[in-house]
Amino acid sequence: MEHSNDDPYKGRAIAAESLYLLNLLFPIIPLFFLTLLYFRSRSIHNEYLRSHTLQPWVAALISTALFLIINLVAWLAGGYADMDTIVSIHSLVALEVYTLLVILPFLVPGLFALTKAMSGQAWRYPLIGRFL
């Protein structure tokens, strides 16, 4: 579905996809703004806007939940208490697990979605878009 460059929803779509990508690097804070954007846009019945607000919001919720779970496991396994001891290895493992299992698989669809939003096209996220 193509939309013209003067589409009133294009800015919202690009903002939503950008906030989603920011949420991968800095979890929680961009999710708050993405949630506000989603709830402000959910009453607008436009397939283009819906595909670029609902899907990144759900994907951001999933990635943030995984971030919190990974950090909780690292904290329960030994914590982040002292950076001078071997205990801090848990924080490095948590960072690696988050990078490999969350950021990389969630980044690629986010980049595709951002390019589609910038070109004015609706797009479905793999797996998530099928259920929404």
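Reply: A residue is called buried when its relative accessible area is under 20%, exposed when that area is over 50%, and partly exposed in between (1.4 Å probe, protein chains only). Helices are DSSP runs of H or I with at least four residues, numbered from the N terminus. The model is predicted: local features need pLDDT of at least 70, side-chain atom pairs count only at pLDDT 80 or more, and totals for chains, interfaces and linings use all residues. Residues are numbered from 1 along each chain as its sequence is written, and side-chain values use heavy atoms, with hydrogens and water left out.

Helix 4 covers residues 54-77. Its 24 residues reach 35 Å from the first C-alpha to the last, close to the expected 34 Å, where the expected span is 1.5 Å times one less than the number of residues. The buried residues of helix 4 are L54, Q55, P56, W57, V58, A59, A60, S63, T64, I70 and A74. Just after helix 4, G79 takes a positive phi of about 85°.

A positive phi also occurs at I28, a residue other than glycine, with a value near 90°. I28 lies in the loop between helix 1 (10-25) and helix 2 (29-41), and I28 is partly exposed at a relative accessible area of 44%.

K116, in helix 5 (residues 89-118), counts as partly exposed because its relative accessibility is 28%. Leaving aside residues up to four places away in sequence, K116 touches H52, Q121 and W123, contact meaning heavy atoms within 4.5 Å. The C-alpha atoms of K116 and Y48 are separated by 9.9 Å, although the two residues are 68 residues apart along the chain.

Key: Helices (H or I, at least four residues) and strands (E, at least two) are DSSP runs, numbered from the N terminus.
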